[in-house]
Each structure stands twice: as structure tokens, then as C-alpha cells.
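Trainee: I would like to go through the labels used for this model and ask what stands behind each of them.
Mentor: Go ahead.

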Amino acid sequence: MEKSIYSNDYQTFLNLLRQVRKEAGLTQEELSSLLKQTQSFVSKCERGERRLDLIEARHFCQAIGIPFPEFIKRLELQLNS
């Protein structure tokens with residue numbers, strides 16, 4: 001089994017994370033401020049250079065303003081299409 005960070009599924013996850021941030025009208029810098037992180041942290045996460053765990057993904061969703069279950073539902077729809 002390949003590492004999940006290199007999988008198509010993980011790329012779908014990252015693309016959706018970036019998409020919901022943009023839908024919320026947030027820049028990486030604005031999101032980083034809400035997360036109390038640096039802009040480079042957000043950038044590395046979105047590019048897949050830094051792997052997000054489940055709790056961190058939930059924090060991203062909270063900062064973006066999308067309920068985590070809704071994000072997961074959208075992810076599942078994309079993964080199953």
C-alpha cells in the first residue's frame with residue numbers, strides 16, 4: 001500500500017480543503033491567522049508537504065467555517081465519484 005500522502009485520495013482531500021477555503025473567501029494568510037499558524041504552514045498543508053491529521057483537518061474546517069461533518073460528506077462524494 002502506498003503512503004496515503006501520495007495517493008489520489010489524499011490529493012482529493014487537499015483540493016477540497018483548498019476549495020472550501022476559497023469558497024469562504026479566505027486567503028492562506030487569513031486562514032493562518034485564524035489557526036494561529038504561519039502562512040507557510042497553511043501553504044505546506046495545502047500542497048501536501050506537511051501531512052494533516054484528522055484533528056488538524058477539523059481545526060482547518062472550524063477556522064474556515066464549514067462544519068466538519070459537511071466537509072467529510074463532500075469528501076466522500078468526491079472520492080466515490
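**Labels and their cut-offs**

Mentor: Start with R18, which lies in helix α1. Helices here are DSSP runs of H or I with at least four residues, strands are runs of E with at least two, and both are numbered from the N terminus. The model is predicted, so local features need pLDDT of at least 70 and side-chain atom pairs count only at pLDDT 80 or more, while totals for chains, interfaces and linings use all residues. Residues are numbered from 1 along each chain as its sequence is written, and side-chain values use heavy atoms, with hydrogens and water left out.

Trainee: Why does R18 count as partly exposed?
Mentor: Buried means under 20% relative accessible area, exposed means over 50%, and partly exposed is in between (1.4 Å probe, protein chains only). R18 has 22% relative accessibility, and therefore counts as partly exposed.

Trainee: What does R18 touch, not counting residues up to four places away in sequence?
Mentor: R18 touches E46 and R47, where contact means heavy atoms within 4.5 Å. R18 and R47 are 29 residues apart in sequence, and their C-alpha atoms are 9.3 Å apart in space.

Trainee: Why are α1 and α3 called oblique to each other?
Mentor: Helix α1 covers residues 8–23 and helix α3 covers residues 39–47; they pack at an angle of about 135 degrees, with axes 8 Å apart. Axes are lines fitted to C-alpha atoms, for helices over the stretch in contact, and angles run from 0 to 180 degrees between N-to-C directions. Angles under 35 degrees count as roughly parallel, over 145 as roughly antiparallel, 65 to 115 as roughly perpendicular and the rest as oblique. The pair α1 and α3 is therefore oblique. L14, R18 and R21 of α1 make this contact with C45, E46 and R47 of α3.

Trainee: How do the residues of the contact of α1 with α3 divide by class?
Mentor: There are 2 nonpolar, no polar and 4 charged residues. Ala, Val, Leu, Ile, Met, Phe, Trp, Tyr, Cys and Pro count as nonpolar, Asp, Glu, Lys and Arg as charged, and the others, Gly among them, as polar.

Trainee: What makes α1 and α4 roughly parallel?
Mentor: Helix α4 covers residues 54–64, and its axis and that of α1 come within 10 Å and cross at roughly 20 degrees. The two helices are therefore roughly parallel to each other. On the α1 side the contact is made by F13, L17, V20 and R21, and on the α4 side by A57, F60 and I64. By class, this contact of α1 with α4 has 6 nonpolar, no polar and 1 charged residues.

Trainee: And why are α2 and α3 called roughly perpendicular?
Mentor: Their axes come within 8 Å and cross at roughly 110 degrees. α2 and α3 are therefore roughly perpendicular to each other. Q28, E29, L31, S32 and L35 of α2 meet Q39, V42, S43 and E46 of α3. That contact of α2 with α3 has 3 nonpolar, 4 polar and 2 charged residues.

Trainee: How do you know whether L31 is buried or exposed?
Mentor: L31 is found in helix α2. Its relative accessible area is 0%, so L31 is buried. Not counting residues up to four places away in sequence, L31 touches R21, V42, F60, A63 and I64.

Trainee: Which residues of α3 are buried?
Mentor: In α3, F41, V42, S43, C45 and E46 are buried. What covers them includes α1, α2 (28–35) and α4.

Trainee: How many disulfides does a search of the whole structure find?
Mentor: The search finds 0.

Trainee: What is noted about the phi of K36?
Mentor: K36 is not a glycine, yet has a positive phi of about 60 degrees. Most residues other than glycine have a negative phi. K36 is placed in the loop between α2 and α3. With a relative accessible area of 73%, K36 is exposed. Just after α3, G48 takes a positive phi of about 85 degrees.

Definitions and conventions:
Disulfide = S-S within 2.5 Å.
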